[in-house]
Amino acid sequence: MRSRNDDLERLLSLLYAAKNSPLEERGQSWDAYNSELERIAKKFGFAPHEVSRAIRWKYRDYVKAREKP
Amino acid sequence: MAAHSSVDQPELPTLIHDDYSVDERDWIAVKLLCEEIERELAERRIHLLRRLASFLACLTVFRRVEKHRMLVNSGDASPRDKTFHRAILSGLSGMGEMLLLEFEKHTEIDPVHIGLEFGDVSALVDELRHDLHMWHGDKSMTKERETEVLDALTK
């Protein structure tokens, strides 16, 4: 069974992938992120925009960790 | 004939792409670029696909500055960073929406031949809208609600 932390990690990695994918894959990767955002928001009873706003600093930390030299 | 001189050449510094660091003034550069493209879009003198290419180039520069100032900067983004980020993001989102309207009706050249699919460009514009909400939107969302959302996702 997936833990809640896995949900957050997966969401952050999909957002990172969507934002860094080449243009020709952008539609597909953005759809994947949005589907996961909606699934997680529904699972915990939040609106998708609430989840995306709440994770902004987590996303920043994720990018920092990924791109640390 | 010797292809190379045996004389020792001074060692040239290696240009490492990642060494480039963005400073605060770069928001101004992005803003100027956006204004230029906004003018192009309003005048509609050049072909839609060229306007799209300019928009994409502007977006690339914006994302680069954004990454440095809002994401990987060692400290928190300054109020000035946030102000410029919101203003430019709003402008790009509006420009993207206008371009999408035209792109949807475009029939002269099949954009697939130049590597542009409607769905991909549309996703870029969705992303701008999403980022506006993510970074600057929903002021009605309280700190308590934000904590509640994060707690649910991380506990």
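Predicted model: local features only at pLDDT ≥ 70, side-chain atom pairs only at ≥ 80, totals over all residues.
Residues are numbered from 1 along each chain as its sequence is written, while chains are lettered from A and ligands numbered from 1 in the order in which they are written. Local features need pLDDT of at least 70, side-chain atom pairs count only at pLDDT 80 or more, and totals for chains, interfaces and linings use all residues, with side-chain values resting on heavy atoms and with hydrogens and water left out.

Chain A contains four helices and zero strands, in the order α-α-α-α from the N terminus on, where helices (H or I, at least four residues) and strands (E, at least two) are DSSP runs numbered from the N terminus. The radius of gyration of chain A, taken over C-alpha atoms, is 12 Å, which agrees with the value near 11 Å that a compact globule of 69 residues would have; the globule rule is 2.2 Å times the number of residues to the power 0.38. Along the principal axes, the C-alpha atoms of chain A fill a box of roughly 35 × 25 × 25 Å. Of the 69 residues in chain A, 46% are buried, a term that means under 20% relative accessible area, against over 50% for exposed and in between for partly exposed (1.4 Å probe, protein chains only).

Chain A and chain B bury about 3,200 Å² between them, 60% of it on carbon and sulfur atoms, buried area being the accessible area (1.4 Å probe) that two parts lose on being put together, summed over both. B:D120, B:M134 and B:L153 supply 21% of the area that chain B buries against chain A, more than any other three residues. The contact, defined by heavy atoms within 4.5 Å, takes 35 residues from chain A and 39 residues from chain B.

Two residues illustrate this arrangement. A:Y59, in helix α4 (residues 56-67) of chain A, counts as buried because its relative accessibility is 3%. Leaving aside neighbours within four places in sequence, A:Y59 is in contact with residues of both chains, including A:L12, A:Y16, B:L71 and B:M134. Although A:Y59 and A:Y16 are 43 residues apart in sequence, their C-alpha atoms are 8.1 Å apart in space. On the other chain, B:E146 lies in helix α5 (residues 143-154) and, at 6% relative accessibility, also counts as buried. With neighbours within four places again set aside, the contacts of B:E146 are A:A54, A:R56, A:W57 and B:M141.
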